Amino acid sequence: MKINKYKILLLITILPISLSLSACHINPVGLRRSNLHQGPAEKTQLMLGTVISASAYGENADHALDLAFTKVDEIDKKMSRYREGSEVDLINQNAGIGPVKVSPETFYVIERSLDYARQTDGAFNPLIGELVDLWAIGTENEKVPDKKDIDNILPSLDYNYLKLNKDSYMVELTSDKVRLDLGAIAKGYAADVMRDVLLEEGIDSALLNLGGNVIVIGRKPDGNPWAIGVQDPLGSERGEIAGIVNSIDTSVVTSGHYERFFESDGKRYHHIFDPFTGYPAEKGVISSTIICPSSIDADALSTSIFVLGKDKGLELIEATADAEAIIITEDLLVFTSSGINDDLFELRNEALVYEKSR
Amino acid sequence: MKKADKYIIIGIFIVLLISSLWVFIYKGSKDVKGSQAVISKDGNIIETIDLSLVKEPYEFTIESKNNGYNTIYVEKDKIKFAEANCPDKLCVKTGLLTNTSDIAVCLPHGIIIEIKNGTDGQIDSLAN
């Protein structure tokens, strides 16, 4: 009789505790935490006019990250348009005067941007800097410029003013009205370089985020792909996501109309310009995400899609090896390239729907 | 019969002890690994806040060169730049940070707020 009472009491006590115990065993968060326990090497710095954060796993990770950030600093010093004495600054100072010899690295990035300008018939434009300065979006001077000022700049956006000589690494702008700006591609290039440095140092698991351009090495230490969120273009808070890209050894770059913008008379003016109109691109795209191994490609392609619109944009993606795209339009439809499946991209926002023919 | 009951009771007590210890350790580690807001200025960490432990919302101000300042607002699981006198105010426009790997930055003043180690974050990083 006495013992029975104890038994019942004990059973009542034990039941909830063992339940919590088993819950803890199957909790995936618990699994993740044990991996976090080893801890990655982490580093965050302000470079290339943005914030670059990196985490890498492995014994050599701290040293490898230091090397990678040093490389980005070198890129910044060579390719920033706003740094006096940078190679891009020298090219601009000599616009209409003569050619400038640059490092092979800067030459490569300029060459790639010219490739993309040709491939997109000028939708991607490395000479857009003057227009960017005129609108000044994201600064205290942001405003809708006079139409006449915009029209003045448009003729100088012709990429044929940019002349390259590969044998001598000479770059020339053949008109004094033209300015080179590698802003749309330099982050992507820097991401590729950082990844290469880490790989050379033997790192096999790392996550890099260069102002919203993501590139990953390998998988997470727990064996899962890296879960890269795509910013919800409709979200009012940062970090609200449209979906998740399960990423292994790839780069994920998203361009959105929410990144830098201002509103005037109820109209939104975002920071990706159509070099043919001189106004922010209005082809119905509000977010374009590119998944491909090379971040310089992803960077150029995501910008191009904004200017090209979804149809031409998807054509371009299908013609580019190893590149996939997720495009969200202003009518909240999601368009994807042929290689996107439910394993690669999980749509998480119910307000967004896939277009029917998918 | 009586002896067997005794063993059962002792056995049950041992299980009970282990499970409560387990729960205790588990809970303990969870508190340590709540989402952290790491605030850095010019590359140096100046403040680390465990957002999961914040009870009442509060604000504080970070001063930087040339009379620059940023006011930071903190509440449970959330943090943001509330106010600043930088020219572009991009830091304030970034809004509330809640998720793992979220970041807000004031380039002119060299200040970064980064969320780390959030246990409920469903993503590792954000493409935007």
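Predicted model: local features only at pLDDT ≥ 70, side-chain atom pairs only at ≥ 80, totals over all residues.
How many aromatic pairs does a search of the whole structure find over all chains? The search finds 9.

## Rings and charges

One of the aromatic pairs consists of A:Phe107 and A:Tyr169, in an edge-to-face arrangement with 5.3 Å from centre to centre and 80° between the planes. A:Phe107 belongs to helix α5 (residues 104-119) of chain A, while A:Tyr169 sits in the loop between β4 (162-165) and β5 (170-173) of chain A, so the pair ties together parts that are 62 residues apart in sequence. A:Tyr169, at 29% relative accessibility, counts as partly exposed.

Elsewhere in chain A, ring pairs link A:Trp135, A:Phe262, A:Tyr269, A:Phe273 and A:Tyr279 into a cluster.

Charged side chains also lie over rings. In chain A, the charged end of A:Arg268 is placed over the ring of A:Phe261, 4.0 Å from the ring's centre. In chain B, B:Lys80 is found over the face of B:Tyr73, with 5.5 Å to the ring centre.

## The sheet of 9 strands in chain A

Chain A contains an open sheet of 9 strands with mixed pairing, in the order β1-β2-β6-β7-β10-β13-β14-β15-β17. Its edges are β1 (41-47) and β17 (353-354) of chain A; each has a single partner strand, so one side of each is left without a neighbour in the sheet.

Within this order, β2 (residues 50-57) and β6 (residues 205-210) of chain A run antiparallel and are joined by 6 bridges. A:Tyr57 has A:Ser205 in β6(A) as its bridge partner.

Two helices of chain A lie across strands of this order. Helix α3 (residues 61-79) lies across β1 and β2 of chain A and runs at about 10° to β1(A). Helix α10 (residues 310-319) lies across β13 (285-292), β14 (324-329) and β15 (333-336) of chain A, at about 170° to β14(A).

Which strands make up the open sheet of 4 strands, and in what order? The order is β16(A)-β9(A)-β8(A)-β8(B), with mixed pairing. The edge positions are taken by β16 (345-347) of chain A and β8 (125-127) of chain B; each has a single partner strand, so one side of each is left without a neighbour in the sheet. On average, and with direction ignored, neighbouring strands of this sheet are turned by 30° against each other.

The link between the chains is a parallel pairing of β8 (residues 226-231) of chain A with β8(B), over 3 bridges. Here A:Ile228 stands opposite B:Ser125 of β8(B).

## Chain B

Chain B has 2 helices and 8 strands, arranged along the sequence as α-β-β-β-β-β-α-β-β-β. The chain has 128 residues, of which 46% count as buried. It exposes about 7,100 Å², with 59% of that area supplied by carbon and sulfur atoms. Of the contacts in chain B between residues at least 6 apart in sequence, 32% join residues at least 24 apart.

Strand β4 (residues 68-75) of chain B is mostly covered, with 6 of its 8 residues buried. This strand pairs with β3 (residues 58-64) of chain B and with β5 (residues 78-84) of chain B.

B:Ser40 lies in strand β1 (residues 36-41) of chain B. Is this residue buried or exposed? B:Ser40 has a relative accessible area of 10%, so it is buried, the cut-off being under 20%. Leaving out residues up to four places away in sequence, B:Ser40 touches B:Ile45, B:Ile46, B:Gly110, B:Ile111 and B:Ile112.

Methods: Residues numbered from 1 in each chain as written. Chains lettered and ligands numbered in written order. Heavy atoms only, no water. Pairing = 2+ DSSP bridges. Contact = heavy atoms within 4.5 Å. Axes fitted to C-alpha atoms, helices over the stretch in contact; angles between N-to-C directions. Buried < 20%, exposed > 50% of the residue type's maximum accessible area, 1.4 Å probe, protein only. Areas by Shrake-Rupley, 256 points an atom, 1.4 Å probe, with all protein chains shown as cover. Phe/Tyr/Trp six-rings, centres within 6.5 Å; stacked < 30°, edge-to-face > 60°. Lys NZ or Arg CZ within 6 Å of the ring centre and 35° of its normal.
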